[in-house]
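Here are my notes on the model, as numbered points. Please read them with the structure open.

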Amino acid sequence: MRIAGGEWRGRALKAPPGDVLRPTQDRVREALFSMLMHETPGARFLDLFAGVGGVGLEALSRGAADCTFVELAPRHLAFLRANVAALAAEARCHLVRADAYAWLETFEGAPFDVAFADPPYELGVEKGYASVLATLAARNVVKPGGLFVAELTARQTPEESSLWDLCRDRTYGQTRLAVYMRKRAQS
């Protein structure tokens with residue numbers, strides 16, 4: 001796995017061997033950041049279910065101001081720490097060991113400009129995204145006008161929400177990206 005663009009383009013990221021991790025494919029990350037090219041520079045970025053950090057580090061490489069990575073698995077966090085250190089990106093990274101769903105429920109702090117979630121596909125199918133969309137807005141995790149990107153299986157259908165507009169829905173092989181924009185308060 002390599003960073004596809006920006007300051008660290010071509011830099012390899014470390015990941016555990018085997019099938020334990022399903023990182024976002026390079027071509028899907030390229031498509032994702034083509035969609036986010038105007039939102040990423042200067043953004044506060046949130047990478048939920050971060051794994052070894054491929055998406056969040058890609059965001060930093062492309063000019064995001066900082067990134068918070070939420071990952072529960074200690075082994076994945078160890079690889080993430082190594083990747084952050086190899087890029088000398090510690091000052092722009094905040095690593096959180098937590099269950100992403102539980103962390104969202106207790107979030108306090110400044111809202112993010114962009115949030116990305118790529119849970120294990122089985123978990124994403126089981127839990128869906130309706131509750132995540134509601135929590136992101138209720139806890140002000142993503143600012144009004146900010147974006148939430150859900151990585152789904154191609155078979156999943158993006159969920160509707162009265163608090164979010166579905167801006168883009170694209171399929172890349174077995175992967176689907178649903179990009180939502182948080183609605184601004186009605187006056």
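1. Start with helix H3, residues 74-86, in this predicted model. H3 has 13 residues and reaches 18 Å from its first C-alpha to its last. That is close to the 18 Å expected at 1.5 Å a residue.

2. Which residues of H3 are buried? They are His-76, Leu-77, Leu-80, Asn-83 and Val-84. Viewed down the axis of H3, these buried residues fall within an arc of 120°, so they line one face of the helix. The spacing follows a general rule. An α-helix has 3.6 residues a turn, so residues three or four places apart point the same way.

3. What covers that face? The cover over the buried residues of H3 includes helix H2 (54-61). Strand E2 (66-71) and strand E3 (93-97) are also among the covering elements. Just after H3, Ala-88 takes a positive phi of about 50°.

4. E2 and E3 pair in the parallel sense, over 5 bridges. Val-70 stands opposite Val-96 in E3. Phe-69 stands opposite Leu-95, also in E3. Together, E2, H3 and E3 make a right-handed β-α-β unit.

5. E2 has a further partner in strand E1 (residues 44-48). E1 and E2 run parallel and are joined by 5 bridges. Arg-44 has Asp-66 in E2 as its bridge partner. E1, H2 and E2 make a right-handed β-α-β unit. Is E2 mostly covered or mostly open? E2 is mostly covered, with 5 of its 6 residues buried.

6. Next, the chain as a whole. The protein chain holds 6 helices and 7 strands. Along the sequence they follow the pattern α-β-α-β-α-β-α-β-α-α-β-β-β.

7. Overall dimensions are worth checking. For 187 residues, a compact globule would have a radius of gyration near 16 Å; the protein chain has 15 Å, which agrees. The C-alpha trace spans about 45 × 35 × 30 Å along its principal axes. Buried residues account for 50% of the 187 residues. Take the contacts between residues at least 6 apart in sequence: 65% of them join residues at least 24 apart.

8. Helix H6 (residues 130-138) deserves a look of its own. Its buried residues are Val-132, Leu-133, Thr-135, Leu-136 and Ala-137. What covers them includes helix H4 (100-105) and strand E5 (142-153). Strand E6 (164-172) and strand E7 (175-182) are also part of that cover. After H6 comes Asn-140, with a positive phi near 55°.

9. Finally, Lys-143. Lys-143 is found in strand E5. Is Lys-143 buried or partly exposed? At 34% relative accessibility, Lys-143 counts as partly exposed, because that class lies between the 20% and 50% cut-offs.

10. Which residues does Lys-143 touch, leaving aside neighbours within four places in sequence? Lys-143 is in contact with Pro-111, Phe-112, Asp-113 and Arg-182. One separation can be checked directly on the model. Lys-143 and Gly-128 are 15 residues apart in sequence and 21 Å apart in space, C-alpha to C-alpha.

Key. Residues are numbered from 1 along each chain as its sequence is written. This is a predicted model: local features need pLDDT of at least 70, side-chain atom pairs count only at pLDDT 80 or more; totals for chains, interfaces and linings use all residues. Side-chain values use heavy atoms; hydrogens and water are left out. Helices (H or I, at least four residues) and strands (E, at least two) are DSSP runs, numbered from the N terminus. The expected span of a helix is 1.5 Å times one less than its number of residues. Buried means under 20% relative accessible area, exposed over 50%, partly exposed in between (1.4 Å probe, protein chains only). The arc is that of the directions from the helix axis to the C-beta atoms. Contact means heavy atoms within 4.5 Å. Two strands pair if DSSP finds at least two bridges between them. A crossover is right-handed if, with the strands pointing away from the viewer, the path from the first strand over the helix to the second runs clockwise. The radius of gyration is taken over C-alpha atoms; the globule rule is 2.2 Å times the number of residues to the power 0.38.
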